[in-house]
Amino acid sequence: MNLIVLLLIPLITSLGILLSRGIIQIRVISLLGAMLQLAAGLFLLAMYWSERSSGNNAQMLFESSYAWFAPLNINFHIGVDGISIAMILLTAFVVLSGILVSWKEETMSKEFFFLLIFLSLGAYGFFISLDLFTMFFFLEVAVIPKFLLIGIWGSGKKEYSAMKLALMLMGGSALVLVGLLGLYFNTNTGNGSHTFDLLQIAAMNIPIEAQRIFFPFAFIGFGVFTALFPFHTWVPDGHSSAPTAASMFLAGISMKLGGYGCLRMATYLMPQAAQEYAWIIVLLATIAIIYGAFATMMQTDLKYINAYSSVSHCGFVLLGIGMLTETAITGAVMQMVSHGLMTALFFAAIGMIYSRTHTRMVAQLGGIMKVMPFISTVFVIAGLCSLGLPGFSGFVAEMTVFMGAWQNAETFYRIATILACASIVVTAVYILRAVGQAVMGPITDSHFSNLADAAWNEKLAASLLIIGIVAIGVAPFWLFDLIAPVTETIMLQMGNAIVK
Amino acid sequence: MNEYSYTALIPLLPLASFLLLGLFGRKYLSSVSGWLGTGSMLVSSILSLIAAWQYFFTDGMVNGAYQKIIAIQYTWLQFSPNVSIDMGILLDPISAMMLMVVTFVSLMVHVYSLGYMKGEERYATYYAFLSLFTFSMLGLVLSSNIFQIYIFWELVGVSSYLLIGFYFDRPAAVAASKKAFIVTRFADLGFLIGILILSFYTETLDFNLLIERLSTPTPQLTGIITASFMGISALTWGLVLVFIGGAGKSAMFPLHIWLPDAMEGPTPVSALIHAATMVVAGVFLVARLFPVFILSAPAALEVVMYTGVFSALLAAIIACTQTDIKRVLAYSTMSQIGYMMFALGVSGYYAESGAGYMASMFHLFTHAFYKSLLFLGAGAVIHLVHSNEMKDMGGLRKFMPITHLTFLIACLAISGIPPFAGFFSKEAILHAAHVNNSFIYWLALITSGITAFYMFRLYFSIFWNKASKIHDNHHGEGTWSMKIPLLLLAIGTLLAGFIPFSSFVTADGIPYHSVFNIGFSVLPVLFGLSGITIAWLLYQKQNERAEKISGSLGGLYHAAYRKFYIDEVYLFFTKKIVFNLIGKPAAWFDRNIVDGFMNLLAVITQEISALIKELQSGKVQGYAIYFFSAICALTILFIYILN
């Protein structure tokens, strides 16, 4: 399968949107495009399985490379492994449900859907790139639409939030840029020239001094995207001001770019530094988990609750990466997928509630289970997934992280693991408070009693995400088997680094 | 595949019923959902009976001992070559016994609810949740892997949450469901860390391997697990943490505070979840890991013992003062589970020294019958008088003869009066305690006297005492679907005690013949009878005696009535400490310090740019001045300073 297809689908879709007339055409084209994305993603998964089962053990599959800027050795080198496929599937799920949720968006709908689709182009490009420079390029492609989505279609103090998000993510990108240039100039392909190629760099021995300097740039840079403490403050404001679909994309996809980047570029390419700095990563991740959870407890706005809980949940991603055991890293990637689906579902439910009741304040809501059973059930399911109920993806991912983290037997890491485990209690507190006050209880506002339950598009969007969540929660082995071989190569890289 | 493959259907049928009713129940199956749930439960119960029969009488016994049979096992998540979460079915005496208990009580509750929940708006949802609970509980008792049990442990927790909060428009129900979930979640944290510890040392999550490796450790493993951490061995830590999980589910002090509040749920749910099945999960868990407790970490078992006996006594005292009949029953459940716990604590392992273990399981078995009977009876009473308070009852025996009779049987059973089931199992527990630890024995004996007192206080207040306030008996005792479960459970309560339990369930799997000692029973029965007599004097007829006594006890009575202020302590801890001292500062810190710093950066950037933006104002005169002054400055620099 030629991976360019993954870029062509959103590209053609977005062009089609630009050329289309009338809201119906725009909707149909976006929906078709998003469905094609999902089909392509599933097809890719099937192809991957058939390749692997036929004994193809190459690290990357479906590779192809095109020279982009030969003098600097920049190639458009693409290929996928299990982690990329997991991320591509996640993106496809979130995009399709995001399009469905925004079905009724009527203000500047052409631009809105164009930007959504364009954002997915950036994400796919990022996940299939095996060249650091093109990876960076697509990272930027994925940032800019968000600024517009929040600034134009957002609510509340949207200009402030859009600017804050764009600036902080740009700041992160700038750090990433320093990191990747640092890597570039420390490579040597034999004849004195340098390379951006991920696989080539992995095979080289980046000097430890260089690793020490550039690892923090790359890791913190990507860390900003995945809400690394203390660079997470764009998350609450950005999410709360964003329109529903943009929140879903932001939490479901954009934050995952960060985790993926941390793992791919920082940890994989600079394994020695990753080991040296592991304790700092674990420390920051543990702070994010606990402190994010406690901060969530005090929030009164549903979107803020989910945004802060994202800080806490993304902490598990970083914790898993920092623990540097095979199981923990696998768990981190599972948590990325799980969190992506789960927050997208949560934001979708919040959006549905908000569009009807016109409030997101927990105290003003109440008893909506009676009038909107479907939406409320979706909200409860998202909540239960968030607090790590077995049967949903969150449980599997968190437990894999815990199991892996416990293998790291030094006292410091043990304490971090126990603290991270303790967050499951705090999570239960804030989730059940939100559920108890907003969804259950008597109806607080008489206007609520004649509100309509979910429409077909909303039902479809929610069901899609729930299917994803349950597919991982009930049968986690397929996702695990997708990811585990990749983490094995990462661990191999670690092992080699120690020998070197 | 083997001859036990069909056991997979036992949990899967309720699961199917849950999915069907959960997805389509509300819209399409509302009217038949009760029958659907009950039907699947009936099949499941029959299969359980077959499985238990097959296990106990055909295959289970090999070389004079009951073996553990793995009926089914699938790898669910392979962490590493050795460590994996498996989904499986493990059959051994206790899981076979639990299978019967869970399916039978669940079936009774399903049938009872046909009448009790009739006309309920969310009838289908109710049955969906019941099915979900039954599925989870069956998965729990059949687990072959410690992580599997944790998974189902969480699932029973959430089904309990959903059912307690079934009447979600009542704030009290919502609060109670939240409390139940959070308190047990807190305990589960202990369980989780316990699992991490145990699996780390044994490098397995499989129950059989785990138990085998820990109960007869290799010298190398012994060295590791007895390494002390803060003066306590690693293994003891692990087991105590696991026990904390069990104590949370089984409402042991100090994690019991959720159980009385959980009575906000529909009464049949209380009978199923909060009396007969889920709350004994903690006892089951300790019993499951019993060889490890007894052979490798007796210190952890002592924790179990003291927690159990203290909870039994505390709950019994509180129960004497409560006026809500369901709350009295909730405390009595806690007390009886305390018995089961300390019975495990006083037990040995081999042959007859393991009598405590046998007695604990026996008590679990008999308790399931009479406690669910009590709850279902209470449900019938509440159905009639529309109140949970004793003051609204009295003299009801004429209106509900069947409920009255069955309730009386259950009260006699829980008070340990022969020949009812509770007598035999409580006798066995007291005997085991008497042999091993006389301090525990005396506490248990006193508790059993108190038990008889508060149970008959309950009985007399409901059925005797003052004249009934009910004038027109408009809907009588309830439908036959409500009466039949009462009768069946009463028959169970009458007969269960005669089962020679030690021939089936023993600590080491080898059956023995227990000798019944009549002489020993005299004292406990006397305690029981005196409790009943006091209750008869105080409550059989309306009088002032009880008021006077409680008045003379003053502070002590009040403290017990307020449940010894344990709830208030928790409330203080969560509201004042967790919310005000951790949550609020964290949120404030985030908004003002962390984010404030980011905003400060932005402001500084803005200020600096405002300062220097004049340099590029686009005004040519300005540029000319900068140009000229720079040339002057350079001239001065080169001519006068650097020269």
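Val292(B) is buried, having 26 other C-beta atoms within 10 Å; a residue counts as buried if 20 or more other C-beta atoms, placed from the backbone, lie within 10 Å of its own. The model is predicted: local features need pLDDT of at least 70, side-chain atom pairs count only at pLDDT 80 or more, and totals for chains, interfaces and linings use all residues. Residues are numbered from 1 along each chain as its sequence is written, and chains are lettered from A in the order in which they are written.

**Surroundings of Val292(B)**
- Val292(B) lies in helix H13 (residues 290–296) of chain B; helices (H or I, at least four residues) and strands (E, at least two) are DSSP runs, numbered from the N terminus.
- Setting aside residues up to four places away in sequence, Val292(B) touches Ile211(B), Leu214(B), Ser215(B), Leu239(B) and Ala297(B), where contact requires C-beta atoms, placed from the backbone, within 7 Å.
- A separation of 8.4 Å lies between the C-alpha atoms of Val292(B) and Thr216(B), which are 76 residues apart along the chain.

**Chain B as a whole**
- Chain B contains 25 helices and six strands.
- Of the 643 residues in chain B, 55% are buried.
- The C-alpha atoms of chain B fill a box of roughly 120 × 65 × 55 Å along the principal axes.
- Among contacts in chain B between residues at least 6 apart in sequence, 79% join residues at least 24 apart.

**Contact between the chains**
- Chain B contributes 33 residues to the contact and chain A contributes 34 residues.
- On the side of chain B that touches chain A, two or more residues each come from strand S3 (69–78), helix H5 (146–164), helix H6 (171–202) and helix H24 (566–612) of chain B.
- H6(B) gives the most to this side, with 12 residues.
- By class, this side of chain B has 23 nonpolar, three polar and seven charged residues; Ala, Val, Leu, Ile, Met, Phe, Trp, Tyr, Cys and Pro count as nonpolar, Asp, Glu, Lys and Arg as charged, and the others, Gly among them, as polar.

**Nonpolar core**
- The largest nonpolar core has 423 residues, and those with the most contacts inside it are Ala86(A), Leu345(A), Ala348(A), Ala349(A) and Leu465(A); such a core is a set of buried Ala, Val, Leu, Ile, Met, Phe, Trp, Tyr and Cys residues joined through C-beta atoms within 7 Å.
- H16(B) supplies the largest share of this core, 19 residues.
- Apart from neighbours within four places in sequence, Ala86(A) is in contact with Val333(A), Val337(A), Leu479(A), Leu482(A) and Ile483(A).

Key. Two residues are in contact if their C-beta atoms, placed from the backbone, lie within 7 Å. A residue is buried if 20 or more other C-beta atoms lie within 10 Å of its own, exposed if 12 or fewer, and partly exposed in between; C-beta atoms are placed from the backbone.
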